[in-house]
Amino acid sequence: MSECRVLSTNHVGLVVEDLDRFLVIMTELFDYTILDRGPRDVAIQSLVTGHPDANAEIAYITAGGFTLEVICYAKTTGTARYLPKVVDIGHWHLSINIEDIEKTRKAAATYGLRELGSLITVTAGPNTGNKILYLGTQEGIVIELTERHA
């Protein structure tokens, strides 16, 4: 047994370049709901991040029983762009279960999302039979679409 017991998972956070653009994708293309959105105190964000002048606007969004924290540091000096390939160490992605992968695939293109690979059907493991497709946003966020096998 571990020394530190997890009670629950609070959220997963990600940093985007344009908060408005990302929220349109998540609320219009997908059915996420905005729980909260607003600027944060620079002094507090600087303490928690260890970066001076951490000027953040944060939104919390939810869908399917999952909360995502979306952070935009657009007004922060000294930020860098991190664009790993899906196979690079340190890459992460958001996987969401959807009803119709072909319908979502077509609609995603109108929101500026690009396909990063090919649509596949999983052949091994707990996702066997599921259809999966990776999509990328302009800032490099990877969204994995999963249509679950009936």
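Two strands are taken to pair if DSSP finds at least two bridges between them. Helices (H or I, at least four residues) and strands (E, at least two) are DSSP runs, numbered from the N terminus. The structure is a predicted model, in which local features need pLDDT of at least 70 and side-chain atom pairs count only at pLDDT 80 or more, whereas totals for chains, interfaces and linings use all residues. Residues are numbered from 1 along each chain as its sequence is written, and side-chain values use heavy atoms, with hydrogens and water left out.

The chain contains three helices and nine strands, arranged from the N terminus in the order β-α-β-α-β-β-β-α-β-β-β-β. The C-alpha trace spans about 50 × 45 × 30 Å along its principal axes. Of the 150 residues, 33% are buried (under 20% relative accessible area; exposed denotes over 50% and partly exposed the range in between, with a 1.4 Å probe and protein chains only). With contact defined as heavy atoms within 4.5 Å, residues 24 or more positions apart account for 52% of the contacts with a separation of 6 or more. The chain exposes about 9,500 Å², of which carbon and sulfur atoms supply 53%; accessible areas come from the Shrake-Rupley method with a 1.4 Å probe, and for residues only the protein chains shown count as cover.

Strand β3 (residues 57–63) is antiparallel to strand β2 (residues 33–39), to which six bridges join it. In this pairing, Ile 34 stands opposite Ile 61 of β3. Seven bridges connect β3 with β4, again in an antiparallel arrangement, and Ala 59 lies opposite Val 70 in β4. The hairpin formed by β3 and β4 has two residues between the strands, and Gly 64 adopts a positive phi near 55 degrees there.

Leu 68 belongs to strand β4 (residues 66–72) and is buried, with a relative accessible area of 0%. Beyond its neighbours within four places in sequence, Leu 68 is in contact with Val 12, Leu 14, Phe 22, Met 26, Ala 59, Tyr 60, Ile 61 and Leu 94. Val 12 is 56 residues from Leu 68 along the chain, yet the C-alpha atoms of the two are separated by 5.2 Å.

A disulfide is a covalent bond between the sulfur atoms of two cysteines. With the criterion of a pair of cysteine sulfur atoms within 2.5 Å, a search of the whole structure finds zero disulfides. Cys 4 is exposed at 64% relative accessible area, whereas Cys 72 counts as buried at 10% relative accessibility.
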